[in-house]
Amino acid sequence: MALLEVCNVYKTYTDANRSLTVLNDISFTIAKGEFVCLVGPSGSGKSTLLRMIVGLDRPSRGQIFYRGQQVNGVMDKMAIVFQSFALLPWLTVMENVSLGLEAKNVPRPEREKIANKYIQKVGLDGFEDAYPRELSRGMKQRVGIARALTMEPELLCMDEPFSALDAFTAQNLREELLDLWLDITLPVKSVLMVTHGIEEAVFMADRVMVLSKRPARILADVRIDLPRPRNMKDEAFARVTDKIYSLLF
Amino acid sequence: MDAGPLPQVGIGMVIGLLEMLEDVRGREDIFKLAGSLSMELDDIGPVIEAAKMLGFIETTNGDITLTGLGSQLLNASINERKEIVAGRLQQLPVFKEVLELINSRRGRQVRREHVISRFARRMSDEDAELLFKTLVDWGRYAGIIGYDTKGELLYLDEEE
């Protein structure tokens, strides 16, 4: 069974006398173990789609299933990482990372144990007592990733997680995220990442789904067979990237 | 002691630079690298300076080359990287100075204000604040220095 199934999903916003369709009949599945990227122009509804998948928003029509169960709200086995980090400035790194566990009423000693495990995994140890204002953007996003991992998700959803970072930090975090995905001691099986960077998608993903301009439909679902670790400077890499650009323009 | 300032960049940026160098077989022209990233030399400069200071790259005639230690860092796990960085930081004059200062104190901790005023003897107040910030950031990353933000106290991070 697919881990995730998106079936004929539409999203339309309406007010008294207008309606705007952003997603137009979207269907796809994600299997266990896959790293999938969703690319498309800004305003194509990529983030809306991701929010619907994790249960933060609802489709106007169509259905989304996680392991065969319809998504009607936030689900246990999925977690999301946001572009803007979404950290609470008055809480320390440890407190921000444990936030989701606190909401689930996990007792404090266990909360800290789980949080510590993921703080280590993302390389944040040493920063446990730091406040967000003391952190670089890269470190802030590590907090966002650690917080999502404490939910022990099978499907990790990421909404442009590297686009608020400088080029160097972004490259560092991309490689570390791939290491986390390949780490068999972690519960994360699959990743669904929204990005507007085609190179980034080709660097990371097993499959790249290309969305059209609004109202978005799926233009192509491209399998990326390049061996890992990938090199953005390779000719083969450039060929795949070119192919995806040509689908969009 | 005249320990100078540190470039205002995170260690993650340094590692990102090394990863990009690895993709071009460990050597790149700085001008070309800046161009391909659409970055100004003012933005890329401090990252190069930090990587050089830590011994991960060398620069000659406008080219950057990955060093053996730089390759070793890239092949290391996330936690081994911290150890390599810790080893390098302990060689830097400013870290030596601050670690000595902490060690000389009862309770092995020192107030932020004290460290900053010491730095300010040889640089502007603003630069002293920035140096303190980078020192805490790098020290925390490497797990050698801890900082209690509320109490404004710097201490040795001796946790295993």
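**View 1. Contacts of A:L192 in the predicted model.** Setting aside residues up to four places away in sequence, A:L192 touches A:I30, A:V36, A:L38, A:L50, A:I53, A:L155 and A:C157; contact requires C-beta atoms, placed from the backbone, within 7 Å. This is a predicted model, in which local features need pLDDT of at least 70 and side-chain atom pairs count only at pLDDT 80 or more, while totals for chains, interfaces and linings use all residues. Residues are numbered from 1 along each chain as its sequence is written, and chains are lettered from A in the order in which they are written.

**View 2. Nonpolar cores.** A:I53, A:C157 and A:L192 touch the most other members of the largest nonpolar core, which has 69 residues. Helix α5(A) gives the most to this core, six residues. A separate second core of 48 residues includes A:L165, A:L173, B:I11 and B:V47. A core is a set of buried Ala, Val, Leu, Ile, Met, Phe, Trp, Tyr and Cys residues joined through C-beta atoms within 7 Å; buried means that 20 or more other C-beta atoms lie within 10 Å of the residue's own.

**View 3. Strands β3 and β9 of chain A.** Strand β3 (residues 35-39) runs parallel to β9 (residues 207-211), joined by four bridges. A:V39 stands opposite A:V210 in β9(A).

Methods:
Pairing = 2+ DSSP bridges. Helix = DSSP H or I, 4+ residues; strand = E, 2+ residues; numbered from the N terminus. Buried ≥ 20, exposed ≤ 12 C-beta atoms within 10 Å, placed from the backbone. Contact = placed C-beta atoms within 7 Å.
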